[in-house]
Amino acid sequence: MNSSVLIESFAEFAKFKNIDRPTMMRILEDVFRTMIRKKWSTDENFDIILNVEKGDLEIWRNREIVDDNSEDIWDHDKISLSDARKIEPDFEVGEEVSEEVKLEDFGRRAVLTARQTLIQRIKDMEKELLFQKYKDLVGEIISGEVYQVWNREVLLLDQEENELLIPKAEQIPKDRYRKGDVVRAVVQRVEIVNGNPKIILSRTSPTFLERLFENEVPEIFDGLIAIKKIVREPGERAKVAVESFDDRIDPVGACVGMKGSRIHSIVRELENENIDVINYTENLELYIQRALSPAKISSMKIDEENGRVSVFLKPDQVSLAIGKGGQNIKLASRLVDMEIDVFRESETYEEDISLEEFTDEIEDWVIAELRRIGLDTAKSVLAVSKEDLLRRTELEEETIEDVLSILREEFEAEDNQ
């Protein structure tokens, strides 16, 4: 294989892989210098001249002429006078000889190895470019065409036919994929696995919902409205806290749009995920009230030190606060970064008594366990069902029954007075 065929085939391959000319020149020179080092141990006294367009390659070996008896005759950059005159008869000591090295001088095996090395270098470069491209796209929405559907993941292809993966855990449970479908998702992360870039997409990430809002709501894209936090149960429900930096703009109204025009397209993209948009506030009590919407809270007790809040609601509001499968209270807790305990408001007893008043009948460790879950009065304990107390405390059923009996007797005694 002569140099022109080698370079032309490599240039064509590099062009197909979208490798720019300077990079291609650098790879070619690196490979040829490696060949030189293998044959002569060094490439310091060699010049390489490349013309990719014409497929030309010239390799020149530069050496200084020394006397045949010189001690330097074995240096890599020296040549004896007698050897130099074989190249050109009128050479003299001290002159420089530039001798052209033909590709064929390296041997057939070395040339074939060089060709394979060039192709491998391009493939490695392509992987690196792909990795860097998608590393810069982490957190951005991209589209891909479904190529193959497996049980544990879905394979997509982008416009350049690069492979993208959506693992099962990053799919909305209601998603159904068919070959040829165009799917939108956010770039979750990019990894190198066995030397190959692995691009992971997500449709369940809060970032995906955030980017959808940015696309649909110009005020968010322009920075007039900020998304403070997003929590999701993908495909089921989400809560989005937003804040406006312009007093003239209602952040919730802007996100929802006229007759829900802006949010409807987001809901459809997320397989009819129910999205609650909430006006963010620094007022924690008001923030919690908004987070538990649509339930109306009667009162609450916040324990910031332990990250818990007890909310009291009328009986008809409890189910609204908890939501289907506990979704509403779970998302609200994550939104405000506090554990929310819901209690029914007791309408039977008007006065309340601290649990500390019952230390002669209820052991201190039992009272401490009740206080741990936010119950420090008789009324608050009686407002919770026995089943809930069993679930939320470390107390045994018999102990709970004794406590409830003692508390009820106290209020019954008061009523009989």
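Q: How are helices and strands assigned here?
A: Helices (H or I, at least four residues) and strands (E, at least two) are DSSP runs, numbered from the N terminus. This is a predicted model, in which local features need pLDDT of at least 70, side-chain atom pairs count only at pLDDT 80 or more, and totals for chains, interfaces and linings use all residues. Residues are numbered from 1 along each chain as its sequence is written, and side-chain values use heavy atoms, with hydrogens and water left out.

Q: What does UniProt list for residues 139-204?
A: An unreviewed UniProt entry lists them as "domain: S1 motif"; such annotations may be inferred rather than shown by experiment, and positions follow the numbering used here, with feature names shortened.

Q: How much helix and strand is in residues 139-204?
A: That stretch is 0% helix and 58% strand, and its end C-alpha atoms are 12 Å apart.

Q: Where does S205 lie?
A: S205 is in the loop between strand 9 (196-202) and helix 5 (206-216).

Q: Is that residue buried or exposed?
A: S205 counts as buried because its relative accessibility is 8%; buried means under 20% relative accessible area, exposed over 50%, and partly exposed in between (1.4 Å probe, protein chains only).

Q: Which residues is S205 in contact with, leaving aside neighbours within four places in sequence?
A: Those are V186, Q188 and R232, where contact means heavy atoms within 4.5 Å.

Q: Changing topic, what does the C-alpha trace of the protein chain span?
A: Along its principal axes the trace spans about 135 × 55 × 45 Å.

Q: And how many helices and strands has the protein chain?
A: The protein chain has 15 helices and 15 strands.
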